[in-house]
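Good morning, and thank you for coming.

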Amino acid sequence: MNSARADVVVIGAGQAGLSAAYHLQRRGVDHVILDAEDGPGGAWRHRWKSLRMETVNGISDLPGIAKPAVDPREPSSEFLARYFRDYEEELGLSVRRPVKVHSVSREDTDPAGLLGIVTSDGDWTARAVINATGTWTRPFWPIYPGQSTFRGRQLHVADYVSAEEFKGQHVIVVGGGISAVGLLDEISRVTTTSWFTRREPVWRDEEFDARAGHDAVALVEERVRRGLPPQSVVSVTGLIWTPALKAAAARGALDRQPMFTSIEPGGVRLAEGGFQPADAILWATGFRAELEHLAPLHLRGPGGGIAMEGTQVASEPRVHLVGYGPSSSTIGANRAGRAAVAAILKLPGISPAATPVSWG
């Protein structure tokens, strides 16, 4: 079967993918966007309804079009699916969905040659790939002794729907990030909870300013430059005391305990030897980058990560990762899309339009 052809294939149509597509279209670069979702919105289509826009920072600031009015109480899943849809339509972005990318490989040994992309809806060849597949489809589940013996329910935040389903139960929440404390706040309003983390969380009493945010991203960027697995930005910035979280702390929901040593049929064995009965364990333990389709390229190094130069894979300049490492934050995703396109324009064979495209 013959392959379709594009200069650049963008994989994923979340915020990072749409940002990259905007800059590709603006510069007149031949491209196509392949998205595995059934409709617009990226991973935000699957977020729980109680996650409101008032707690989502910067996600709606897509490039090129004025930010729409936001109702802070609207579920982020609803607003962002609608906004991403309108954005795609207004810019006329060529998003093909649902298309699952199975693999990306080199067509030959020429370092300036073509890449082959095998998908669920035909194959493509391209001079460059911008990977924007995010992390939502790869939830991370730690393994603990006795985990399979637990008689209650275990779920990851990727499976969470609402606090109401836990009424009358004791819920253990594991994890030290924003999702963990947000769900502790929510669930602790309707039932009892316990909170466990591997490390003592670091709290901030004030919003971090632009300088602090820049420094935090720089630390994450340094890790990926060295080929180490990326850490989350929040692991560097710490958690911010919001009024809602202060109220949760007053309820005792944020009384953190060191990680339990094992899981038993009726609960968990505490670090000091005691026992905490539980009906459910919610693993708010983060996600890993969805990069399995890039395995044929052998991008990972001895450090377990992928060595990066900005958004560009150091060992393969035809492949850019946006929404990875320092660009996994909502604000960093926009910057990464622009940077990836700027670098791709320097590749041989990429021919941008003489006059940039403008809208409105």
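I shall go through a sheet, one histidine, a hairpin and some aromatic rings in turn.

This is a predicted model, in which local features need pLDDT of at least 70 and side-chain atom pairs count only at pLDDT 80 or more, while totals for chains, interfaces and linings use all residues. Residues are numbered from 1 along each chain as its sequence is written, and side-chain values use heavy atoms, with hydrogens and water left out.

Let us start with the sheet. Helices (H or I, at least four residues) and strands (E, at least two) are DSSP runs, numbered from the N terminus. Strands of a sheet pair through backbone hydrogen bonds, either parallel or antiparallel. For two strands to count as paired, DSSP must find at least two bridges between them.

S7 and S16 run parallel and are joined by 4 bridges; histidine 156 has tryptophan 283 in S16 as its bridge partner. Contact here means heavy atoms within 4.5 Å.

Now consider histidine 170, which lies in strand S8. Is this residue buried or exposed? Its relative accessible area is 15%, so histidine 170 is buried. Buried means under 20% relative accessible area, exposed over 50%, and partly exposed in between, with a 1.4 Å probe and protein chains only.

The side chain of histidine 170 makes polar contacts with the side chains of serine 194, at 2.7 Å, and glutamine 276, at 3.3 Å. A polar contact is a pair of N or O atoms within 3.5 Å; within protein, one must be able to donate a hydrogen and the other to accept it, and residues adjacent in sequence count only if both atoms are side-chain atoms. Beyond its neighbours within four places in sequence, histidine 170 is in contact with residues including Thr192, Pro277 and Asp279.

Next comes the hairpin. Strand S18 (residues 312-313) pairs with S19 in the antiparallel sense over 2 bridges, and the two form a hairpin with 2 residues between them. Strand S19 (residues 316-321) is mostly covered, with 5 of its 6 residues buried. S19 also pairs with strand S6 (residues 122-131), in the parallel sense over 3 bridges, where valine 129 stands opposite valine 319.

Finally, the aromatic rings. The whole structure holds 11 aromatic pairs. Rings of Phe, Tyr and Trp (its six-membered ring) pair if their centres lie within 6.5 Å; planes under 30 degrees apart count as stacked, over 60 as edge-to-face and the rest as tilted. Why is the pair of tryptophan 136 and phenylalanine 287 stacked? Their ring centres are 5.1 Å apart and their planes lie at 20°, so the pair is stacked. These two residues are 151 residues apart, and the pair links distant parts of the chain. Tryptophan 136 counts as buried at 11% relative accessibility, whereas phenylalanine 287 counts as partly exposed at 22%.
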